[in-house]
Amino acid sequence: MHSELADVIITYATKSHKELSSLLLDKSKDQLISLFTTLLTIYINDRNSSTIREYITVSLAGYTHIDKKIGYNGFKQSTTIGGKSLYCEAKPQNINTENNKNIKHPRKFNGGGNFTDYTHNRLKKDKLENPNMLVSGFVDGELIYILEFPFNHKTFLANLKKQLQRYFPDGDETGRFLRSANFDFNDYSDCATLKTVYLSKANLEKTNDNFNHKFYEFLKQL
């Protein structure tokens, strides 16, 4: 983070809004553009928060973002008169190419995601609501793809059930959770209603070394 941005952030956190406004008004247009661009770059690549990537994913898919830690990530009204709201569950992933250079086995997209602290009861609730899954991938904060499919897709459900059954063979246990129930594109690639919400073929080609080969070939065919 360069010193100008650090100064603005510290002023925001420790001074009055009047002092912050005075500081910003002293900046040129180019300086303000540079500050805003740097701040966005930091935010969208933040490893500890996926909020902005989640917002982008949900919004581009036509949902209203729900800004809560627990529950679904977005909703939209059903086109059917009297129909209930349609919910979505977003699973955005970002690969920071600089970080990947320092990892023995660099991360690669496989079209997947995970559910944290999962249980049989949570699966039962999700089956009942059947939210649409939104799986997205960013490289250095740049969006490459968003795919959408229903939670209740047979292969997808079977994968989650298998993991839960392995971890909780006798059903849920108080105070215990399956920390990560994982999936990848193989669990929904055969879905007849799979929708390509967004796909940048040019950026996919440019960043192809960040993709699992089979998933890369799958995206190329969409």
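A residue counts as buried when its relative accessible area is under 20%, as exposed when that area is over 50%, and as partly exposed in between. Lysine 27, at 16% relative accessibility, is therefore classed as buried. The structure described here is a predicted model.

**Salt bridge between lysine 27 and glutamate 4**

- Lysine 27 and glutamate 4 are joined through their side chains in a salt bridge, with an N to O distance of 3.2 Å.
- Glutamate 4 belongs to helix 1 (residues 3-14), whereas lysine 27 sits in the loop between helix 2 (17-25) and helix 3 (29-44), so the pair ties together parts that are 23 residues apart in sequence.

**Salt bridge between glutamate 129 and lysine 84**

- A salt bridge also links the side chains of glutamate 129 and lysine 84, at 3.5 Å from N to O.
- Lysine 84 is located in the loop between strand 2 (74-76) and strand 3 (86-95), and glutamate 129 in helix 6 (residues 120-129), so this pair ties together parts that are 45 residues apart in sequence.
- Glutamate 129 has a relative accessible area of 24% and is partly exposed.
- Lysine 84 has a relative accessible area of 52%, which is over 50%, and therefore counts as exposed.

**Salt bridge between glutamate 173 and arginine 176**

- Glutamate 173 pairs with arginine 176 in a salt bridge, in which the closest N and O atoms are 3.1 Å apart.
- Glutamate 173 is partly exposed, with a relative accessible area of 35%, and arginine 176 is likewise partly exposed, at 33% relative accessibility.

**Packing of helix 3 against helix 4**

- Helix 3 packs with helix 4 (residues 51-60) at an angle of about 90°, and the axes of the two helices are 7 Å apart.
- Because angles of 65 to 115 degrees count as roughly perpendicular, helix 3 and helix 4 are described as roughly perpendicular to each other.
- On the side of helix 3, the contact involves Leu40, Tyr43 and Ile44; on the side of helix 4, the residues are Thr51, Ile52, Arg53 and Ile56.
- By class, this contact between helix 3 and helix 4 comprises five nonpolar residues, one polar residue and one charged residue.

Key:
Residues numbered from 1 in each chain as written. Predicted model: local features only at pLDDT ≥ 70, side-chain atom pairs only at ≥ 80, totals over all residues. Heavy atoms only, no water. Salt bridge = Lys/Arg side-chain N within 4 Å of Asp/Glu carboxyl O. Helix = DSSP H or I, 4+ residues; strand = E, 2+ residues; numbered from the N terminus. Buried < 20%, exposed > 50% of the residue type's maximum accessible area, 1.4 Å probe, protein only. Axes fitted to C-alpha atoms, helices over the stretch in contact; angles between N-to-C directions. Parallel < 35°, antiparallel > 145°, perpendicular 65-115°, else oblique. Contact = heavy atoms within 4.5 Å. Nonpolar A, V, L, I, M, F, W, Y, C, P; charged D, E, K, R; others polar.
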